[in-house]
Amino acid sequence: MTALDLTPAPGAAPVGRRIARHAAMEMKLLLRNGEQLLLTIVIPTVLLVVLVHAPLADIPRPRAAFLVPGVLALAVMSTAFTGQAIATGFERRYGVLRRLGATPLGRSGLLVGKTCAVLAVEVLQVALLVAVGIAVGWHPRGSVLAAFALVLLGTVAFSALGLLMAGTLRAEATLAAANLVYLLLLVVSGIAFPLTDFSPAVRHALRLLPSAALADGLRAALDHGAHVPGRPWLVLAVWAVTAAAAALRWFRWG
Amino acid sequence: MATVEVCDLRRSYGSVRAVDGLSFAAQPAAVTAVLGRNGAGKTTTVEICAGLRPRDSGSVTVLGKDPWRNPTLRPRIGVMPQAAGSGAAGVYPAARVGEVLALFASFAAHPLDVGALLDRLDLTRLARTPWRRLSGGEQQRLSLALAVVGRPELVFLDEPTAGLDVAARHATWSLIEDLRAAGVTVLLTTHAMDEAERLADHVVVVASGRVVAAGSPAALTREDGGTVRFSAVPGLPVADLTTRLGTAARVREVSPGEYAVEGVPAQHALATVTAWCAERGVLPDRLSTGRRSLEDVFLGLTGDGPPA
Ligand SMILES: Nc1ncnc2c1ncn2[C@@H]1O[C@H](COP(=O)(O)OP(=O)(O)O)[C@@H](O)[C@H]1O
Ligand SMILES: [Mg+2]
């Protein structure tokens with residue numbers, strides 16, 4: 001048997017190391033999960049490639065200029081909202097949140113680590129989708145800075161919504177609801193299919209969805225340059241603040 | 001000063017009083033066992049001490065501090081939550097054994113060597129196995145490893161040997177003994193009498209959220225006149241036998257047909273029981289004297305029937 005020196009030597013590792021190691025673990029788990037990869041990587045990429053060429057729908061031309069911002073919004077939603085909600089829901093059920101919260105990592109470290117993992121996965125998604133977009137004829141232009149800021153704001157809004165769901169519903173309910181919301185928002189947010197078939201009143205209402213606001217905002221930022229109208233920012237900000245406040249109020253750790 | 005000091009602790013879930021005025025202390029570098037059957041309030045107590053749960057009232061001092069929402073205690077404490085039943089041992093289901101132990105180690109300033117700890121708990125060959133594919137006993141061993149890898153000065157182990165086979169149970173016991181020898185304070189819960197008797201310096205017997213007895217295993221089982229036990233037909237009038245033995249005597253039907261007599265000298269008890277049975281035409285079987293086991297103490301304190 002190996003000799004172990006069990007003499008107490010308590011102490012926490014530096015906060016940066018704790019969070020980095022936790023974020024790395026979360027990211028590894030995200031990338032290892034087949035269903036998550038389907039949502040975060042496969043579906044956005046396949047939608048982009050297929051819809052650019054498909055002889056269907058009245059997708060505005062140039063199609064790539066419409067589709068790339070849309071699938072980028074979808075990518076953010078899939079990772080920050082759907083993937084995070086499902087994973088966190090089961091982690092709550094299995095007591096992972098409680099146990100990690102009781103280590104030197106702590107609850108705030110846990111949230112920061114999760115956010116870092118989401119952002120890291122988003123970097124991979126964006127890199128892939130931009131590369132595929134260019135391959136299918138997209139010409140990037142406009143304001144990268146504005147797009148970057150919109151992605152960050154969208155990530156906050158969707159993360160808060162995902163955590164709100166994971167922290168209040170049962171894990172199975174979260175799994176079902178998060179997938180359903182993903183599908184619904186994909187169809188009605190003008191992400192891959194334009195909203196032209198809806199009546200103007202409905203269209204207006206749909207534009208208040210966070211996914212629609214993110215897609216609209218990204219389209220403006222990556223097309224017309226720096227000028228992004230105020231509404232997407234405002235809509236995303238309201239979702240972010242409301243969802244974060246609700247998550248802080250109602251999230252249960254165990 | 002005690003490492004853990006609990007005074008008049010109370011905690012209810014709705015109308016259920018899980019912990020109902022409980023007090024005890026755990027001394028440094030000693031093993032304290034909280035012993036009680038299912039539902040006695042052990043987990044609630046331990047989770048409150050470990051800072052995982054708030055309390056309704058009472059005072060709890062852990063390493064000189066209030067454990068609730070106290071981040072400064074976290075590096076000093078290791079926790080092994082109860083896994084049986086809920087399955088909520090707190091590990092990512094898809095994470096591999098080696099990965100998750102390395103993760104917990106990375107949170108500590110001076111962690112144990114991950115490889116050596118895996119070796120010690122016979123988990124090395126499972127290092128690349130995801131948590132969800134482990135057997136219950138393997139999960140328990142990893143959970144124990146996670147509790148100690150940060151080299152805490154105090155560990156809370158909630159039913160550390162539940163569901164373990166004999167070999168794994170002994171491996172766990174030996175690690176707990178080594179922790180104590182190294183100066184770590186251990187607070188564990190169990191419903192296994194032999195475990196408390198073997199490991200604990202101090203036993204706290206809990207029933208219905210209250211302490212019904214506390215002391216060293218030796219003190220709790222000390223002979224007071226010795227216990228005389230015998231088997232006979234169930235349902236004998238024990239009150240009548242008590243009268244015959246004298247006021248100091250305590251007679252119980254421990255389980256149907258199994259009787260225990262305490263509080264009187266063994267010689268007197270043996271003679272009286274034999275005569276009393278003969279008068280009734282009953283043949284006492286397996287008449288024996290002896291020191292009380294912790295099990296006798298436990299059953300006497302917490303009512304009839306074996307602990308669940
Ligand atoms: N989260 C909870 N909600 C409601 N009742 C609970 C909860 N946890 C424990 N209880 C109840 O409190 C009592 C004590 O439970 P517990 O502390 O788990 O005891 P033990 O660990 O000794 O089995 C039991 O009656 C149990 O059913
Ligand atoms: Mg319990």
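# Two chains, one tour

Visitor: In chain A, what share of the contacts with a separation of 6 or more comes from residues 24 or more positions apart?
Guide: Contact means heavy atoms within 4.5 Å. Take the contacts in chain A with a separation of 6 or more. Residues 24 or more positions apart account for 79%.

Visitor: What kind of model is this?
Guide: Residues are numbered from 1 along each chain as its sequence is written, while chains are lettered from A and ligands numbered from 1 in the order in which they are written. Side-chain values use heavy atoms, without hydrogens and water; local features need pLDDT of at least 70, side-chain atom pairs count only at pLDDT 80 or more, and totals for chains, interfaces and linings use all residues, for this is a predicted model.

Visitor: Why does chain A count as compact?
Guide: Chain A has 10 helices and 0 strands. Helices (H or I, at least four residues) and strands (E, at least two) are DSSP runs, numbered from the N terminus. The globule rule, 2.2 Å times the number of residues to the power 0.38, is set against a radius of gyration over C-alpha atoms. For 254 residues the rule gives 18 Å, so chain A is as compact as a globular protein of that length, with a close radius of gyration of 20 Å.

Visitor: Is A:Ser211 buried or exposed?
Guide: A:Ser211 sits in helix 9 (residues 210-221) of chain A. Buried means under 20% relative accessible area, exposed over 50%, partly exposed in between (1.4 Å probe, protein chains only). With a relative accessible area of 1%, A:Ser211 is buried.

Visitor: Which side chain joins A:Ser211 in a polar contact?
Guide: A polar contact is a pair of N or O atoms within 3.5 Å; within protein, one must be able to donate a hydrogen and the other to accept it, and residues adjacent in sequence count only if both atoms are side-chain atoms. At 2.6 Å, the side chain of A:Ser211 meets that of A:Ser189.

Visitor: Which peptide bond of chain A is cis?
Guide: Most peptide bonds are trans. Look at the loop between helix 2 (34-53) and helix 3 (63-93) of chain A, where A:Pro62 lies. With omega near -5°, the cis bond runs from A:Arg61 to A:Pro62.

Visitor: What is the phi of B:Arg69?
Guide: Most residues other than glycine have a negative phi. B:Arg69 lies in the loop between strand 4 (57-62) and strand 5 of chain B, and counts as exposed at 63% relative accessibility. Though not a glycine, B:Arg69 has a positive phi of about 55°.

Visitor: Which three residues supply 22% of the area that chain B buries against chain A?
Guide: Buried area is the accessible area (1.4 Å probe) that two parts lose on being put together, summed over both. Between chain B and chain A it is about 3700 Å², with 62% from carbon and sulfur atoms. More than any other three residues, the suppliers are B:Tyr92, B:Phe107 and B:Arg151.

Visitor: Which residue of chain A meets B:Arg151 in a salt bridge?
Guide: A salt bridge is a side-chain nitrogen of Lys or Arg within 4 Å of a carboxyl oxygen of Asp or Glu. The rule finds 4 across the interface of chain B and chain A. In one, at 3.4 Å from N to O, the partner of B:Arg151 is A:Asp5.
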